[in-house]
Every structure is written in structure tokens, then in C-alpha cells.
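Please review the following briefing alongside the sequence and the three-dimensional view.

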Amino acid sequence: MNLLPPAFDIVVLGAGPAGQKAAVQGAKAGQRVLLVERDAAVGGECVHRGTIPSKTLRETALALSGWKQRVASPRQTDLDAGTKVASLMKRLGDVQRAHERFIAQQVDRNGIESWQGRARFVSAHEIEVVSPDGSKRRAQGDVIVIATGSRPRKPAEIPVDHEHVLDSDSVLSMIYLPKSLCVLGSGVIAAEFATIFQELGVRVTMIDKSARPLAFLDPEIAELFVRRFERAGGKFIPGQRPVSVEFDGCDSVVSKLEDGSEVKAEKMLVALGRTASLAGLDIAAAGLKVNERGFLGVDANCRTEVPNIYAAGDVIGPPSLATSSMEQGRRAIRHALGLPLGAPIETIPIGIYTIPEIASVGLTAAEVEKRHGGAIVGRSRFEELARGQINGETEGLLKLVADPAGERLLGAQIIGEGATELIHLAQMALIGGMSIDTFVDNIFNFPTLAEGYRVAALDIAGQRSRLRAVI
């Protein structure tokens with residue numbers, strides 16, 4: 001007697017940020033949900049190899065550098081070359097286990113069924129899962145969400161050996177802190193690791209084909225990032241690609257660049273983007289194929305070309321941030337079930353955990369000018385704020401972007417420690433449709449960095465008054 005595979009309303013492949021949110025959203029909507037994850041623990045790349053490990057190291061770097069700033073001169077303390085990287089990550093295991101436990105409890109609490117194993121499509125509505133012991137079982141899903149994440153992209157011409165030339169997965173497996181590090185790439189992962197290791201006393205050189213790092217950001221914010229990075233001892237080489245990369249057999253990785261120059265460093269980090277993790281999934285059996293960039297193509301609601309299959313998170317490409325992945329997973333399920341989608345996707349904040357932090361929400365000035373024919377930008381520099389002086393955080397900048405009349409908030413960008421927390425005030429203002437005058441007419445705690453919103457709003461109000469006077 002042939003038994004039909006169990007039927008679920010929703011099947012989610014992958015238990016990272018996107019898959020987790022998709023599964024929970026489906027369960028909270030009363031659906032029968034199956035969550036499939038290849039690893040023994042939930043959390044995906046975010047918890048085990050990406051966000052959580054890198055941010056844990058970042059906090060260590062901040063703690064060490066903050067302590068050094070408070071030590072009275074002339075005493076100076078630096079990490080020795082050869083410091084064991086593991087000694088800087090002592091809290092990582094505790095952080096990972098706590099996050100894994102929280103996610104697992106959330107899955108259980110919402111009645112989500114979990115299978116461990118590697119999934120592959122049998123058809124657009126059916127999957128097969130191979131468990132760690134080799135046994136196989138199948139499941140059917142009315143809706144299937146692919147949230148299998150990504151892996152580091154490895155250009156064929158660069159010999160990533162995970163010893164001298166590392167990728168973003170293996171960089172934290174280094175035994176010792178190197179004296180110098182060359183970073184290929186200048187996206188989010190590259191910039192975060194470059195500043196973290198620089199803060200730990202490593203000489204860092206960042207190389208990229210782009211004219212500036214984090215090229216998707218507001219140019220003024222990106223330029224401030226470069227200025228601070230280089231003032232702290234780093235070096236950014238724009239507009240260059242390596243024509244060859246090789247370990248010299250002694251103590252250096254040598255990169256020969258297009259302009260004929262060479263960069264030598266003890267270690268190299270290759271952070272030239274990521275590719276979708278789809279190996280073994282047999283997406284063709286479901287009627288799917290990757291796009292020209294190697295990711296799954298989706299519409300604004302994360303639906304693929306096959307109507308009952310959605311995709312969310314890194315598997316659909318940039319911005320490849322945990323925050324956006326969570327929202328994509330939530331949005332996919334709500335669209336599939338015909339539920340209201342909530343706030344527009346433009347109100348999802350971007351948080352980049354470089355040193356200093358960078359955050360953005362809504363539109364940049366260039367985008368506002370393109371859509372509305374003009375923009376008024378207000379600025380607040382942290383050096384103008386009492387809290388910035390108290391914290392020694394004087395190089396930060398908060399920008400508010402308003403419409404051409406200077407009345408409606410349309411975007412915000414921040415660079416400086418605390419940026420990823422501060423940005424949520426702008427996010428709520430965008431969602432609530434608040435005016436620039438909201439920030440002018442209300443009081444902020446003093447001294448705080450949040451007071452920068454009022455300073456920037458007053459800047460816009462002043463420009464607005466001068467504009468009206470001219471008219």
C-alpha cells in the first residue's frame with residue numbers, strides 16, 4: 001500500500017532568519033508548517049558562521065579599543081601579533097547557544113514541525129528530505145518557501161586555501177591574529193571585517209574595483225567611512241582588481257593589481273560577494289532556474305516564477321542582511337495567505353556593523369531628487385552634540401532627507417557608534433508619515449545622540465525658511 005507523503009500548508013526550507021520568520025508567521029496564521037534544516041541546530045549561517053560570530057568579535061574589538069582610550073597616557077596597550085583569535089571569541093559559544101535555544105523554543109512554542117536533513121524538490125509541491133542517518137521521507141506543501149541562504153563566492157582566479165587566503169566563513173578560524181590583512185572587496189562583509197581587524201591592531205588594506213566602499217550607500221556617508229578608516233591606519237585602494245594572488249611560500253600573500261602595483265599581507269580575506277546555496281536542491285524539478293546573477297528571481301512579494309514557491313533571504317541576493325531576510329520571510333507568507341503586508345519595504349532599515357556603525361532607512365538625497373525633482377538635507381554632526389563630546393564620538397553624522405518643500409521626511413542616513421539603534425527613530429517617523437516639524441517641536445533627552453534628529457530638522461527648517469523668503 002502506497003502512503004501519500006504528509007501534507008503541510010507551508011514547507012520552509014532553511015532555518016536562518018528568513019526561514020525562521022516565514023515559519024513562525026505561517027504558524028501564527030493558523031497554518032500547518034514544516035521547517036527543514038540541514039544542520040542539527042537552527043539559526044543558519046547567521047548564527048553559526050555569519051552575523052553572530054562577526055558581531056561578537058566586533059564587541060570584543062570595541063571593548064579593547066574603548067579600554068585603551070580610557071587608559072591614561074603614556075601607558076599604551078596593544079594586542080600582540082600572534083594573539084590567538086579564539087581568545088577574542090570566548091563569549092561566542094554562549095551567545096550562539098542562547099540564540100539557538102531562543103529560536104528552537106520559538107519554533108516549538110508555535111507548533112512548527114521540524115525535520116533535519118537535506119531537501120530536494122520532487123515537484124513544485126513535493127520535497128524529499130535525506131536525514132543524517134541516510135533515511136528518506138517526503139512532504140507535500142501548498143506553499144513552499146526557499147530560504148537556504150548563501151555561501152561565499154570564490155572567484156576561480158583566486159586560490160582560497162583557508163589558511164593564507166580565507167573567505168568570510170573561514171576568516172574566524174585563523175589561529176593567530178595576523179600582523180597585516182588584505183581584504184578583497186568593499187561590500188558589507190568586507191567593510192565590517194576590515195574595520196574589526198583594524199581595531200584589533202591589524203594593518204588592513206582594502207581593495208575593490210569600485211570608486212568607494214559600500215557603493216550602495218549615500219556618497220557622503222561612504223566618504224566619511226573611508227576618511228575614518230584611513231585616519232585609523234587602514235588603506236583603501238579604489239578602482240583596482242588583482243590580476244594574480246599567490247602565497248610567497250614564506251610569510252606573505254602577494255596581490256598584483258591591474259596598475260602594476262603589489263600589495264603584500266600576512267593574510268588575505270576574499271569578500272567578493274556570496275552565491276545562493278542551492279546545491280542538491282534540484283530546483284529544476286520544481287520548474288525553477290537561477291537568474292543571470294546566480295540567485296533565485298522573485299517579485300516584490302518574494303514570489304518566484306512558480307506561483308506557489310517563494311524565496312527569501314540571501315538566496316535571492318542583496319542586500320543579504322539578517323534584517324531584510326526576516327522581513328522577506330514574513331512578507332512572503334503574508335502574501336501567500338492574502339494577509340496585509342504592513343509597512344512598505346522601503347522602511348526596512350539597513351544596519352552595517354563596521355567601526356563606526358552605519359545605518360540607513362528610506363531614500364537617499366539622490367533618490368529623492370530623482371523622484372521628486374529636488375531635496376532638502378539636514379545635517380547634525382556628533383561633534384555638535386554634548387553626548388558626542390562626552391563619548392569621544394565626534395566624527396559621526398546624522399542626515400535627514402526631506403522633500404523639496406522641506407516638510408516631509410523621506411530618508412535618513414547615519415554614521416557613528418550607535419547608528420544602528422538611532423536609525424529606528426527615523427524608521428518609525430517614516431512609517432507614521434511624520435513631518436520634519438515633529439523633530440523640531442518635541443524635546444529629546446539631554447545629553448543624547450538622538451538629539452541629533454532635532455539639530456538636523458532645525459537645519460532643514462532653516463533652509464525651508466530661506467527658500468520661502470526667496471520665493
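The crossing of helices α1 and α7 is right-handed in this predicted model.

**Contact of α1 with α7**

- On the α1 side, the contact involves Pro-17, Ala-18, Lys-21, Ala-22, Gln-25 and Gly-26.
- These residues meet Ala-322, Ser-325, Met-326, Gly-329, Arg-330, Ile-333 and Arg-334 of α7.
- By class, the residues of this contact comprise six nonpolar, four polar and three charged.

**The five-stranded sheet**

- Five strands form an open sheet in the order β8-β15-β9-β10-β11, and their pairing is parallel.
- The edges are held by β8 (165-167) and β11 (235-237); each has a single partner strand, so one side of each lacks a neighbour in the sheet.
- On average, neighbouring strands of the sheet are turned by 20° against each other, with direction ignored.
- Strand β8 pairs with β15 (residues 267-270) in the parallel sense over three bridges.
- Within this pairing, Asp-167 stands opposite Val-270 of β15.

**Helices packed on the sheet**

- Helix α5 (residues 188-199) packs on the sheet and touches β9 (180-184), β10 (203-207) and β15.
- The direction of α5 makes about 165° with that of β10.
- Helix α6 (residues 219-231) also packs on the sheet, where it touches β10 and β11.
- The direction of α6 makes about 130° with that of β11.

Methods: Residues are numbered from 1 along each chain as its sequence is written. This is a predicted model: local features need pLDDT of at least 70, side-chain atom pairs count only at pLDDT 80 or more; totals for chains, interfaces and linings use all residues. Side-chain values use heavy atoms; hydrogens and water are left out. Two strands pair if DSSP finds at least two bridges between them. Helices (H or I, at least four residues) and strands (E, at least two) are DSSP runs, numbered from the N terminus. Axes are lines fitted to C-alpha atoms, for helices over the stretch in contact, and angles run from 0 to 180 degrees between N-to-C directions. Contact means heavy atoms within 4.5 Å. A crossing is left-handed if the near helix is turned anticlockwise from the far one by less than a right angle, and right-handed if clockwise. Ala, Val, Leu, Ile, Met, Phe, Trp, Tyr, Cys and Pro count as nonpolar, Asp, Glu, Lys and Arg as charged, and the others, Gly among them, as polar.
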